[in-house]
Each structure stands twice: as C-alpha cells, then as structure tokens.
2 protein chains.
Amino acid sequence: MTDASALLTDLYQLTMLQAYFDQGMNETAVFEFFVRKLPEGRNFLLAAGLEQVLEYLETLRFTDEELAWLERCGRFHPRFVASLADLRFTGDVAAMPEGTVFFPSEPILRVTAPLREAQLIETRVINLLQFQTMVAAKAARVRLAATDGLLVDFGLRRAHGAEAGLLSARASYLAGFDGSSNVLAGMRWNIPVLGTMAHSFIQAHADETAAFEHFARSHPKANTLLIDTYDVETAARAVVPLAAKLAADGISVQAVRLDSGNLGEHARRVRAILDAGGLSQVSIFVSGSLDEYVVADLVATGAPINGFGVGTRMNTSADHPYLDCVYKMQEYAGMPRRKRSEGKETWPGRKQVFRQFEASGRMTGDILTVESDAQPGSPLLAPVMRAGRRLGPSPPLAELRQRGRTELARLPQALRQLSSTTAYAVTIAPALQALADAVDRRTRQATE
Amino acid sequence: MTDASALLTDLYQLTMLQAYFDQGMNETAVFEFFVRKLPEGRNFLLAAGLEQVLEYLETLRFTDEELAWLERCGRFHPRFVASLADLRFTGDVAAMPEGTVFFPSEPILRVTAPLREAQLIETRVINLLQFQTMVAAKAARVRLAATDGLLVDFGLRRAHGAEAGLLSARASYLAGFDGSSNVLAGMRWNIPVLGTMAHSFIQAHADETAAFEHFARSHPKANTLLIDTYDVETAARAVVPLAAKLAADGISVQAVRLDSGNLGEHARRVRAILDAGGLSQVSIFVSGSLDEYVVADLVATGAPINGFGVGTRMNTSADHPYLDCVYKMQEYAGMPRRKRSEGKETWPGRKQVFRQFEASGRMTGDILTVESDAQPGSPLLAPVMRAGRRLGPSPPLAELRQRGRTELARLPQALRQLSSTTAYAVTIAPALQALADAVDRRTRQATE
C-alpha cells in the first residue's frame, strides 16, 4: 500500500544502531508517539494512520540491494550491515483506535521492542501518524462546519505527492467526508469516488451547452455540470431547456458545480434560475479554495448549496501543515527515561489515558498516568500487536469512520466550535508526577 | 521510483474520457502547467519535478486489476473501459529544465497529445510539479539566508508521507542544500546523506558522556554529538576531556548539535567552552524549527554556527504549503482556447518565455508570448519528449543542482532578499494579447 523500504528513515537511526550493535545494547525499549501541543485554533485531534503503521511494521526488512548500498556508502562496518539482514519487527504495540479524539501529551501509540527495532522505525512512524492525524483533525473541522452537507475530497493534485493524496483521502473519509475524487483511494479502501468535469471539457467543445449534453448522455445516472467556465448565469439558463430535452430521453441532470467567484451569491442566483425552470431537484455543488471557515460562512448565510468539494486547504492542513509531535523513548532496560531539553520535556514511563464521560455521553476530561495506575473512566490505549503480529484483523475503514462520527458527537460543545476555546482537561495523575520526579532525581545524581 | 498507477487521478478525468470516447473526440490537445500567482512573500519560484513527470508519462498504463475495478465500480461502460487497455502516453513535452527560476503565468511544462492522454495525466502532473517546485523555492530561500553554511534536509518525519519526504529531499538538494538525512533519497539519487544522533541515544545510556564516547568509537570518522538532552553547557564541558581521551586513540570529535533553546546564545557559549578546551576544529550544528527567517537571524547576529538541519518548515513549505497552480487546456484541434472564469482567466495558445539578461549576467525581465513569436533573449522551454519518448537521458541531479546555483546567482539583487519586493517584469507580448482578444471574440460569438 505505502512505501515500505527500511531505508525510509533518517541516517541517524542507522548510525545509532551501529553504536548499539558495537556496544551490544539491545534491551527492551519503550517509545510513545504523542503531540506536544495543539496548533493554534485547533481544539482536538483525531487519531489516524495506525493501519499504515501496522502494515509497515509487519513488512519491515532490508532488501539485499539496500544492504549492499549501506555497505558501499562507507558509513557502516560490514558486521553491522550483516546484522541488519535478519531485522524484523518483533515487538508489541498498543494504540488508540483510529478515529479516537485525543489531546496533547496523550500517547496514541506505544511501541515496546528490542532497542534496534524500536529506534529504526521512529522516522516512518512519525511520518505516517502525524500526517493522517493532522488531516483527520482538519477534515473533522470541515465536517463540523458543513453540518450534513455532502463533502468530497478534491485535493489529490495539490497534496504533497502521491502518498499524501492517498492518505489524505483516507483520513478525510475517516473524519466524516463522504467520498473522494481520488480513484486509487477508492479502489484501495472502498472509499466512494465522486467527481464532476473540468473546465477543459467545456473548452474542448466549441459550445458550452453541447459539452453539457455530451457529458449527460455519456453519464445518464451521475452527472454534475460545471457552469463557470465563461458566465455562470448564462450557463445556468442554458441548463433549463437542455434538462427538458434530456428528460425526454430519460436522462436527468443531477447537479451543477460552481468553482469561482462569490460562491454564495452565485449559488443563490443559480438556484433561482433552476427553480424557475422547474429544476428544483438539481443540486448545487461548489468548490474552489474551500476550508472550514469558508464552508461555515456559506452555511451561516443560508446559501443554497448541497455539497462541497474541499481540497488543497484540507489535505495540506494549510493553516497548520505540521504537528509538534514526537516519538520518544520513555523506558529502556526496565528504567523509565525522560528528556529534559528546554521546552521539550517529556513524561517518562509506559502511560495510559483514562477518559471520563458525563451521563449524556459527552467527554468531560482525561487522566494521563502510568500504565499500572488504574483510574476511573475508559482506558484509550489497547494492545494491537504482540511479538510483531497483529492481534486481530483491522476494522474496515467504514467502521473506523463510524467511530470518528461517534467521537465527534461526544466532544464537549465548546470544542466543536471552529474558534479555539478553553482547553479540554488532561490531568496528570499523582503516580505519573511521582515517576517523573524520581527519574529527575536519578538523572541529576548521574550527571552531578 | 514514485507511484505510477494510472488510477492516481481524479475521477473526473475518467468521466470526461468516457464522454470523449462516446463522442469520438480525441484530437490533439495542448495543456500548459503554470503558477497563477506567487505566494505572499516569495519573489520567485524554481522549476522542479520534471524528471518524475517524464517517468510517469513513460510508464503510464492501466493494469488488468485496475481495468477490472473500473468496470466493477459501475460508473463506466465496458467498451470505454476496454479502450483504456492500450492507453499509453504518445505525446510531446516541452519544459523549462529543472533548476530554472520562473515567475507567475509562465508555463514550465507544455503537453501536446491526443486529448484523452493529455487530460488523464492532469492530476498527477500537477501533483508532481507543484510539490517539488514549491519546496525548491522554499529551500532556495533557506540557501540564500544561510550564505555558505552547511544545509541538511531533516524533514522526512514531518513530510506529508513517504513520497513527500523523498521528493523534498530531492527538491531541496536541487535548490542548494548539501544533503539529507533521508537514507532512501540518498540511495535513489546519490544525494549525500548526513545525520547525527537522537536524544533517545543519550537516554538509553545511564551516562551522557558514555553515550558520546560509544558513538564516537563506533563512528570515528563522522560523528556529531547531540548535547542538549539535559544541560547544554554541562555536556559541552564534558566533551573537552572526552575529545582528548578519544584523540589518544586516533578518533576526532567532529561536531556537536544543539536542538533546543536559544540556539544563537547556546552556540556562543558552547563555542567558548570548546575553544577554551582546544577544540576550535569541532563545528557547531543546529536544528529545531528552522526556516529561512530563523537562519537569517542567526547568520545576521554572527552566531558561531557551521551548519543547519532544516526540516518541517522547509519541506512542508509551512508558511505557504501550496501553490496557486494549474494545468490548463490552451488549444484543442488546432484552435487556441481560453478559460474566462472570474479571477481565473488564462492566456491561450502554445507559449514560450524569453528571458533577457544584463551584461553582468543578472536577469532583467521576461517576455511571455506565443511559441511562434521570436523575441529577444533566451527561450526557456525546450522539447524534452517526443511521441512519448525522451529526447535524451536526464541530466544527473548534481548537474541540475549546479543549474539551480547559477540561476540563483543570476537573480536581481532585490529578489534575493527574504522580504517581498517589486515584482520581476514579465511582459505580455503583443502577439499573445492579440491571440487572447481573438479567442474572446470567437467565444463571445459562440455564446451569443
């Protein structure tokens, strides 16, 4: 599905592995992936990308070609390179299910594995989890803004490469979009594929109305006519007699699309033209530089719009195209560890998140603590892989999407707004604070 | 190299192709890729990604599995799906070489091909060209800011997926970076791979100095010690006696890395500690949320920094993570075409860009005109593919990087600044204006 090369990593993972090899250091390490802080304006995140992480871990291995290149590149000694030939991921993974709402400092993935395995995978694990999580969170905001309007991912062309296009189609569907224009994503994950026509289709014809007719005859059951290549209202007026002509042949025009100008205003005028022509069943679909703010404005002003094609700004998470996220060592050889770099301190040890709900089902607050410290509420991380093998088949994407929908419904009302609000309460349990203090005392003693 | 599926496209390309098939429309179409306007704050762009476009075009075909899925999905009729089996790209391509500076409205790629081929490839062509061009432009700004400091791409982990990580390593190297931490990019394109160590390496050891020593002994010729896991100055002071001990065994410490806090201030203190300890040859490398602005500040304040690891903000082009770019039909069946949607008008016909230079070699202005209208200066687009075959082997990436360097040196001084300045002059030649007017007249007649 995705690029599985073991060399899809930062060089330093391999230089560290050689040093570990030389020292015979390969005891059990525990790493956790978490986000340090929310991007400005975001109120929550949505876990996504676990499926691709598990695929990666299951298939991780160095090919002969890769090993030969590592030996040739001059940075590694032959005994170390030879030791990589049998490297497989043999560890355990616990994770929040995809579609789970989460907050800063909360691990969504924990890897427990021999040091060389747990370290090597860092780069790709972050690469997979940050991107889908970020896009899912952005897409969830668009879904909240659109209420129940049709939402289609249109972003493949301006996604950052092919994999970004595919994974953003997946993440946005998980977060509540209804489909994607990305055909390959449709084939891979059974995501509904949706689409209209391009301006070039109109331009290739000498006559706009002829273009509409050709398209509708070729797609009698699913057609959306793009009406803004020249003049929107002229085109809308041309649709009326055309629809009557097509109806005589049993073909119904389904929708029109607007892709430029003042979308709300155009939609109102087009709606009036279509309704006056007896085409009240023809829906209006809009696209062009949409994001959650533009969609919310269109909805708030009551623009007669039935669906939105949302691309670039959603699947690049354009206002915040990265997360401040890390995959950090929390324990090695049975000893909890903690990084204390300025502004980048981490909570040590194997952790769990417990979530409380009120009677209505809305989430009210989380407790972050050490794994062994049971707290009231539901634990969010569960084992998904043991000794390199999945504990069960992955849920279908449609099921994960249902979870995402349920989770969004459980958000406190304030967090469902587009503007940032009081942060959701994530409480550090006394047991975790005590562990952090103990690790600090130990580290101070070692460095003094 | 990159994902080559013919289904890596928007659904509407295929629905349009069915309509063209039904109408028997498959005459020669001309499409051009260009950027509509510069992102705020950018003064120029740098063409990149052509190599991946040509690879895609050379290998484009539908697999049996893909054809079977298209038939199953219920949107297409069997005769049309069958017609896709023999689809190959048989057209011509002209392009600006990678590493060429360019400006809005200037096509960097022109495709001339039978309509179905030229249309189908739209999505992936934009996907490949926009991303690398955007990253190359961003990386070029970092190069200009860093003057001659060492620049290393550290961004794989927060790139948008694997392909984004690989292509941003390539694009940043093309734009003047010295290397990448991305091992697979190193293997694929012979980009120098560079790296240090992670905080986890320090944390895995009970003692920070022991970690430094283990790493240096394992990498006697290339080692950079990460000194900010706990306290930077304590760590720097520990490097001094360690370096002496290692020197006795013929091992030299090469560099230290800072990844947190006030980098300029830390660098000054660390430089003083190292110099006082006789380690003036040990260089200082910094990383952490760097971009062209932070690098320029560090350079301007004279911070004793020898190299920069630049990741996330460069390879997501974080302040502007997309370009307003398009691949537009400019001609079909011998007739120039023009889109006139509000705010999205295009220049019709097959175009060429001519660039003027002053005696010093600096570029002074461009003329955009129709292909047949020779103008003073150098034409920037040249044929690279004919009838689906490349006209020659691709230049090695190192050669393209040299072109990028030359091009940046030719930029007018004002455009080399980080802040935005008076736009570079791109003049529309009378011949192109006349063609646009003629197309408008023809379209008006057709719609009246």
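## Close-up views of a predicted model

**View 1. Domains 1 and 2 of chain A.** In this predicted model, the centres of domain 1 of chain A and domain 2 of chain A, taken over C-alpha atoms, are separated by 39 Å. To the contact between them, domain 1 of chain A gives 15 residues and domain 2 of chain A gives 20 residues. On the domain 1 side, helix H6 (122-146) and helix H15 (397-410) of chain A are the elements that give two or more residues. H15(A) supplies the largest share of that side, with six residues. By residue class, the domain 1 side holds eight nonpolar, three polar and four charged residues. The domain assignment places domain 1 of chain A at 11-135 + 329-447 and domain 2 of chain A at 141-315.

**View 2. Chain A as a whole.** The C-alpha trace of chain A spans about 85 × 55 × 40 Å along its principal axes. Chain A contains 16 helices and 19 strands. Its 448 residues include 56% that count as buried. Among the contacts in chain A with a separation of 6 or more, 73% are between residues 24 or more positions apart.

**View 3. The six-stranded open sheet of chain A.** The strands of this sheet follow the order E7-E6-E11-E10-E9-E8 (chain A), and the pairing is parallel. Strand E7 (179-180) and strand E8 (224-226) of chain A are at the edges with a single partner strand each, so one side of each has no neighbour in the sheet. Within the sheet, strand E6 (residues 150-153) of chain A pairs with strand E11 (residues 307-310) of chain A in the parallel sense over four bridges. One bridge takes A:Leu150 to its partner A:Gly307 in E11(A).

**View 4. Strand E15 of chain B and its partners.** Strand E15 (residues 363-370) of chain B is largely enclosed by the rest of the structure, because six of its eight residues are buried. Strand E14 (residues 351-357) of chain B pairs with E15(B) in the antiparallel sense over seven bridges. B:Gln356 has B:Gly365 of E15(B) as its bridge partner. The hairpin of E14(B) and E15(B) has five residues between the strands, and B:Gly361 there takes a positive phi near 100 degrees. E15(B) also runs parallel to strand E19 (residues 426-428) of chain B, to which three bridges join it. In this pairing B:Leu368 has B:Ile428 of E19(B) as its bridge partner.

View 5. The largest nonpolar core has 292 residues, of which A:Leu109, A:Ala136, A:Val239, B:Ala136 and B:Val239 touch the most other members. At least three residues of this core come from each of domain 1 and domain 2 of chain A. Not counting residues up to four places away in sequence, A:Leu109 touches A:Glu32, A:Phe33, A:Leu50, A:Val53, A:Val93, A:Ala95, A:Val125 and A:Leu129. In soluble globular proteins, nonpolar side chains tend to be buried together.

How values were computed: Residues numbered from 1 in each chain as written. Chains lettered and ligands numbered in written order. Predicted model: local features only at pLDDT ≥ 70, side-chain atom pairs only at ≥ 80, totals over all residues. Domains from an automatic or database assignment. Contact = placed C-beta atoms within 7 Å. Nonpolar A, V, L, I, M, F, W, Y, C, P; charged D, E, K, R; others polar. Buried ≥ 20, exposed ≤ 12 C-beta atoms within 10 Å, placed from the backbone. Pairing = 2+ DSSP bridges. Core = buried A, V, L, I, M, F, W, Y, C linked by C-beta atoms within 7 Å.
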